[in-house]
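Here is a guided walk through one protein model. Keep the sequence and the coordinates side by side as you read.

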Amino acid sequence: MTPPGKLKVHIKNNHHAADTFPNTARGEQVFTITRERYAAAAAAFPDVAARLDVFIDWDTDHFAASMATAETLVCWDLPTRDLSRVAPRLKWIHIIGAGVEHLTPMDWLPGGVQLVNNKGVHAAKAGEFGAMALLMLHNAMPAVIANQAAAVYDSLYSPSIAGKTVVVIGVGSIGKAVARQAKALRLHVIGVSRHGRPAPGVDEIVTPAGLDAALPRADFVFVATPLTAETRNLVSRRRLDLLKPGAGLVNIGRAPVVDYGALSEKLASGALSGAILDVFEQEPLPADSPFWRVPNLLVTPHISADDGNAYVALTLQLFFENMRRYLNGEPLENRVQPDLGY
């Protein structure tokens, strides 16, 4: 029973499994909100923490019983069926990831319940990964790594990356962080966003309607957009055909945004020089997946934007800041728009 005057918070952790998130044992360690991690974060928000009654759970072990009195839910996924009956007091849900496509369509969300995501938590790490990925593609590291595996010594020289052009598809918090790093490397940055508003670190901004004109100018394409109905297959075979010979591509957004089949063909033919893919439709990527054997393709296991040491601390900081807003009757940050899917 929730003590009088306290607001009930249910935290749902997931044990790792191949068909859920996290899908590795290491991932479970990184993303689990333990009692100790919660206490460490709460120490920075004593006034807020004092008003909360927090129940930390695994999977759905005590979900129904706890959610009967919970006003806030912190989780990656949740049983959505008949949620208004299961959780009659629920007012807002904090999703511990940036992408929420696994919860679409959001017709299950009860009226009056707000959904927020983890936008901003990934930015610093993703920016660093972005700089690394751009430099690796520019310096032919996919080919160098393949040569090492084959015991081939070949001098693959490259010039300075300064002056090259990167098209960043999706200029949310992650895309902006990548753009800032790209500018530090003296690249020209073209951003692509749904709204087309100027963004820090972006030299030019276009809407998806301007993507066809931007792609032929790209030395690199960096995909950082969420998966929505509008972005699915956004980087299609036709659009990959618009890229100049030798261009490279990075995807840290979601796999269905890019036509991976067409991309693999272009890498195999040498039309594109390299790609780094951090996201796949099936994760973990099966051992028999053809992507392991695509020439000049580097596979990274969905690690581009997650700080292995501080992810939970950053998540809980965002949660406590939003909880303070909620308790003060102020609008929550990072509200998801159910009709748009992000």
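Helix α2 buries Y38, A41 and A42. Viewed down the axis of α2, these buried residues fall within an arc of 100°, so they line one face of the helix. On the face of α2 turned away from the buried side sit E36 and A40, both exposed. Because the model is predicted, these features are taken from parts with pLDDT of at least 70.

What covers the buried residues of α2? The cover includes β1, α3 (46-49), β2 and α12. Helix α2 itself spans residues 35-42 and lies across β1 (7-13) and β2. The helix runs at about 150° to β2. Helix α12, residues 311-327, also packs on the sheet. There α12 touches β1, β2, β3 (72-75), β4 and β5. The direction of α12 makes about 165° with that of β4.

Now turn to the sheet. Its 5 strands are ordered β2-β1-β3-β4-β5. The sheet is open, and the pairing is parallel. Which strands stand at the edges? They are β2 (52-58) and β5 (114-116). Each has a single partner strand, so one side of each is left without a neighbour in the sheet. Neighbouring strands are turned by 15° against each other on average, direction ignored.

Strand β4, residues 92-95, pairs with β5 in the parallel sense over 3 bridges. In one of the pairings between residues, H94 has V116 of β5 as its bridge partner. In general, strands of a sheet pair through backbone hydrogen bonds, either parallel or antiparallel.

Step back to the whole chain. The protein has 12 helices and 12 strands. Its radius of gyration is 22 Å, close to the 20 Å that the globule rule gives for 342 residues, so the protein is as compact as a globular protein of that length. Along the principal axes, the C-alpha atoms fill a box of roughly 70 × 40 × 35 Å.

How much of the protein is buried? Of the 342 residues, 50% count as buried. Among contacts with a separation of 6 or more, residues 24 or more positions apart account for 62%.

Key: Residues are numbered from 1 along each chain as its sequence is written. This is a predicted model: local features need pLDDT of at least 70, side-chain atom pairs count only at pLDDT 80 or more; totals for chains, interfaces and linings use all residues. Side-chain values use heavy atoms; hydrogens and water are left out. Two strands pair if DSSP finds at least two bridges between them. Helices (H or I, at least four residues) and strands (E, at least two) are DSSP runs, numbered from the N terminus. Axes are lines fitted to C-alpha atoms, for helices over the stretch in contact, and angles run from 0 to 180 degrees between N-to-C directions. Contact means heavy atoms within 4.5 Å. Buried means under 20% relative accessible area, exposed over 50%, partly exposed in between (1.4 Å probe, protein chains only). The arc is that of the directions from the helix axis to the C-beta atoms. The radius of gyration is taken over C-alpha atoms; the globule rule is 2.2 Å times the number of residues to the power 0.38.
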